[in-house]
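This briefing is meant to be read beside the sequence and the coordinates.

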Amino acid sequence: MILIIGACSPTKKSIKILYFSKDIKGEQAEKLKNLALKNGWELLAADSEKYLHEDSLSKVNVIFLPFSALNKMGYQELPQLKRYLEAGGGVITMVDTSLLQKEWPWLQSWADKSDAEVWTQDKSWITRLNSDFSEDQLAKILIQNVSKSSNPDYSTVKTLTVPDSTRYTRTVLVEGLDEPLGMAILPNNDVLLAERKGGLKIYNRATKQIKLISNFDVFSGIEDGLLGVAIDPNFGENHWVYFYYSLAGDKFVNRLSRIQLYGDSLAKASEQILLEIPTQRKYCCHSAGYISFDADGLLYLSTGDNTNAEETEGYTPVDERPGRALADDQATAANTNDLRGKILRIKPLDNGTYAIPEGNLFPKDNPKTRPEIYIMGSRNPYRFSVDQKNKYLYWGDVGPDTKVPSQDGELMSFDEINQAKAPGFYGWPYFLGNNQAFPKYDFATKKEGPKKDPSKPINDSPNNTGERILPQAQPAMIWYGKKTSKYFPILGNGGASAMAGPVYYGDLFPNAPYKLNDYYNGKLFIYEWIRGWIMAVSFDEKGNYLRVEPFLKQYTFAAPVDMQFSRDGALYVLEYGTNWFSKNMDARLVRIEYVEGNRNPIAEIELDKQYGAAPFKVQFSGKKTFDHDRDDKLNYTWSVENAIYEGISANHTFTKPGVYTVKLVVKDDKGGMSETSSQVFVGNTPPEIQIFTNANRSFYWDNVLLDYEVKITDLEDKNIDENRLNITYGYLARGKDVAVVLTQNQSSNSLKYVKGQQLAANLDCRACHSLDKASVGPSYLAIAERYAGKQGVEAMLSEKIIKGGGGAWGERAMIPHPNLSKDDAAEIVDYILSLSDKSSIKRPISDVIELKDHVGKGNEGSYLLNVSYTDLGANGIQSLQSRNHITLRSPLVQAEDFDAGNVRIATYPTENLAYARAINHETYIRFNKIDLNLVKQMLFRVEPLAGGNIEVRIGKIDGTVIGEMEIPSAIAKDSKPWKELNINALETKGVHDLYFVFKSKSDKKQNLFHLDWIYFSNKSK
């Protein structure tokens, strides 16, 4: 940001101009600067979006906006610009490129205007200039028009802005669920949770407890199970809850039924069966099973295509060979006489049956069609919603993995978000995305045939039992593949599973305390199981797609599988968790509240100890609690056992073994409240690990040894079991990976594969793979064992990670990662293959190690001696693990890597150089926890300027001086300005915080010298 104030000119009107551009030092900026100086105008040149806010814009008469800057504005900035127009501010646009903003109708006309034309929009005047505008031209426009926009008035603006992210509070209500698939929010805000293996649980909003209330007897193979749950629109009167589940036993059907719920008691004897859909259970996949109601009480049910999805040979499942009907989607999704691969719409009746509402896709009296069908041609319409006002239907259809190229070059492996304003056929298995057609693949000849016509698709399959001529295929509203989409780039890349959530209307939540800001009125929420995001979709006045933008991007979600609003306006999100087909600790129910006005505090508990033997005294602290309304006064109430404490901190002594819950309630002085809890485990004390050594604990040097001896003590374990002791040692070429290893409890045997492990963790790999359990894909351990020792496997697997593929573990294809480099893919492969290495030797409890792995490898690496011990557990408390370590880094320490200080850093990437600068009198840098044992000398690389002294102090900035050096002033025209100077250090034992304090010995107090690095030597002069 640059602020330019022109010379005073009382004869001319004072004008305040904001020049917003990513290039605030270019030719146009210079023209504006010159004009400001000549005319006494005030110019603010800014390249940060934070200036596009009412606080700043209300003080500005004119915004100067190049088209290039407009193109870079997003969903947060453009509403601010629109508000500025409504407030009467002036705008000058400059044509320096094409205007690409196609999703904001009010901007479209700007591209069609003529240069120097002035027009009115809202209360603003706007003009546009070419990039070669003259200073006289700009001056004339400003002087003639600025009076029309002298004082932007925001009192009547109508456009709403994206709400502040700090107004949301996210609370985890339940976690550790077992494959949760759906929820139903009861009128009292209790929540029913359906788990795939058949468990039905209820979360009690008042007691904050979860309870298992029923176990459905389900077939839970492939993707079947307890798939859907919804409450009747008149639940308060009739108590009906609807379920869709896969019936266990020999009858292969998925059943839609309803059962009455009274309180937390499910009356199984009241079950009424509405519909049973025959299925096959030989091949995977796609069950769908979501249930929802529209405003008229019509029930919608989504069903998957239930077709063999694993033997498609890179095409769609249209296998017409004899005996292959279960691999032919023309028998299900494209079959007008089959209920699979559809979204059904029915009217439940009081007698437990259903009626066919008017307006479905097919009439009631055609023997070749099913009248329940509203939408057909879906692969896996996993999650959908019905707009409660206009009754438009939205659903996410989880896409295939194919090798068929699309019209834009990427593979036709699109996920879709669809919109249906009326019933229709949505293309699968013939079309995908914007009605792009697949070739008709002949599985017998292995040849591609002609594509079908979306305007008149025909189902000629011998497995089709319905109509031959299908309705015209409808394109998707949004479609995206594994690469970043050309049309919807904001959706990202990688694996995908598209879901559609509710359309929000604020007036459907009258007097609700937590309802969203009206900014979201009429917006559809969509979400992503694999990518973990939620987005908001906006529509034009005709209900057509306009744009999509992030929602709650400050949060990450672990496979969101359902989202609904409660009557009090809060948003509930159900997260399936990281690993497929398993119970996950991050499978949880969260509640997100939005508040206007006063914001709730966010309570957080810190415990000084969490595990210990009785009697066990613990200090609780709420110091990390914070409130976005900084002037609020907070009140803290603690409850534990039968005791209540007030205050930001408290102490409590537990006298008996057990697991105890500590609860903290924080209230502000304006009625806001937040609560959280933590557990204390009494009865088992963590083991204590000590590592003894005569070596230095901070640095390694050439030709030195690291001796160590490990001692374990544990209060409850009478005898230390060395089999529960793990001592690992290794050299990491990237020393900064030490923190990763220690944070993630990484096995020592694969220290050199830490980068690959990190890549695998941060990509979407974990959506399909886990370490030692099969998920959608094989476990990493299974992969390692299959390919251990095989020639060329590293290159083959690396290519597969990048390009994707299938066949090695069944037909299910692996997601490609085209943006991943070959080197990074190889790192992942090396990590996975290392898991089968059984050759590592258990390191002894004491040893002497020669430090030689660093030789010839530069100064970036570190040694890590890592020790862990897991005790036996005691008094009903689980086993506890403690850890300790020694990290040795290079004795050449870069000055810019200081832990604290008040100097600045200069960086020159082209010269691979960075150093500490702005070293003035009484500035300093500090390095934490430096072991000075065996350090005899320090060598400094400095560039003298005015000259000064370096004082080396321990403990604090005015602590004991253990070394001092004088840096001479610079020599004019010195051909070698950088010098290496050394000092002897006083013999000092132990680990200390080390301060390098810079002093001037003359009247020159600024820029004493530059400091590049410090070398800690174990040798004297």
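This is a predicted model: local features need pLDDT of at least 70, side-chain atom pairs count only at pLDDT 80 or more; totals for chains, interfaces and linings use all residues.

The points below are grouped by topic.

**Aromatic pairs and a cluster**

- A pair of aromatic rings is described by the distance of the centres and the angle of the planes.
- For Tyr519 and Tyr520 the ring centres are 5.0 Å apart and the planes stand at 90 degrees, so the pair is edge-to-face, an angle over 60 degrees being what that class requires.
- Both Tyr519 and Tyr520 are buried, and the two belong to one aromatic cluster that also includes Tyr168, Tyr504, Phe509, Phe525, Phe551, Phe565 and Tyr594.
- Tyr729 and Tyr863 provide a stacked pair, with 6.0 Å from centre to centre and 10 degrees between the planes.

**Charges over rings**

- The charged end of Lys31 is placed over the ring of Phe133, at 4.4 Å from the centre of that ring.
- In the case of Arg383, the charged end sits over the ring of Tyr382, and the distance to the ring centre is 4.1 Å.

**Helix packing**

- Two packed helices are described by the angle between their axes and the distance between the axes.
- Helix 1 (residues 27–39) and helix 6 (residues 135–145) have axes that come within 10 Å and cross at roughly 60 degrees, and the two helices are therefore oblique to each other.
- The crossing of helix 1 and helix 6 is right-handed, and the residues that meet are Lys31, Leu32, Asn34, Leu35 and Lys38 on helix 1 with Glu135, Leu138 and Ala139 on helix 6.
- The axes of helix 10 (residues 780–787) and helix 12 (residues 822–834) come within 7 Å and cross at roughly 85 degrees, which makes helix 10 roughly perpendicular to helix 12.
- Helix 10 contributes Tyr780, Ile783, Ala784 and Tyr787 to this contact, while helix 12 contributes Tyr831, Ile832 and Leu833.
- In helix 11 (residues 793–803), the buried residues are Val793, Leu797, Ser798, Lys800, Ile801 and Ile802, and just after helix 11 Gly804 adopts a positive phi of about 80 degrees.

- Not counting residues up to four places away in sequence, Leu85 touches Val91, Trp106, Trp110, Gln121, Asp122, Lys123, Ser124 and Ile126.
- The C-alpha atoms of Leu85 and Val157 are separated by 8.7 Å, although the two residues are 72 residues apart along the chain.
- Ser292 lies in strand 17 (residues 288–293), and with a relative accessible area of 18% Ser292 is buried.
- Once its neighbours within four places in sequence are left aside, Ser292 is in contact with Leu298, Leu299, Tyr300 and Phe384.

Definitions and conventions
Residues are numbered from 1 along each chain as its sequence is written. Side-chain values use heavy atoms; hydrogens and water are left out. Rings of Phe, Tyr and Trp (its six-membered ring) pair if their centres lie within 6.5 Å; planes under 30 degrees apart count as stacked, over 60 as edge-to-face and the rest as tilted. Buried means under 20% relative accessible area, exposed over 50%, partly exposed in between (1.4 Å probe, protein chains only). A charge sits over a ring if NZ of Lys or CZ of Arg is within 6 Å of the ring centre and within 35 degrees of the ring normal. Axes are lines fitted to C-alpha atoms, for helices over the stretch in contact, and angles run from 0 to 180 degrees between N-to-C directions. Helices (H or I, at least four residues) and strands (E, at least two) are DSSP runs, numbered from the N terminus. Angles under 35 degrees count as roughly parallel, over 145 as roughly antiparallel, 65 to 115 as roughly perpendicular and the rest as oblique. A crossing is left-handed if the near helix is turned anticlockwise from the far one by less than a right angle, and right-handed if clockwise. Contact means heavy atoms within 4.5 Å.
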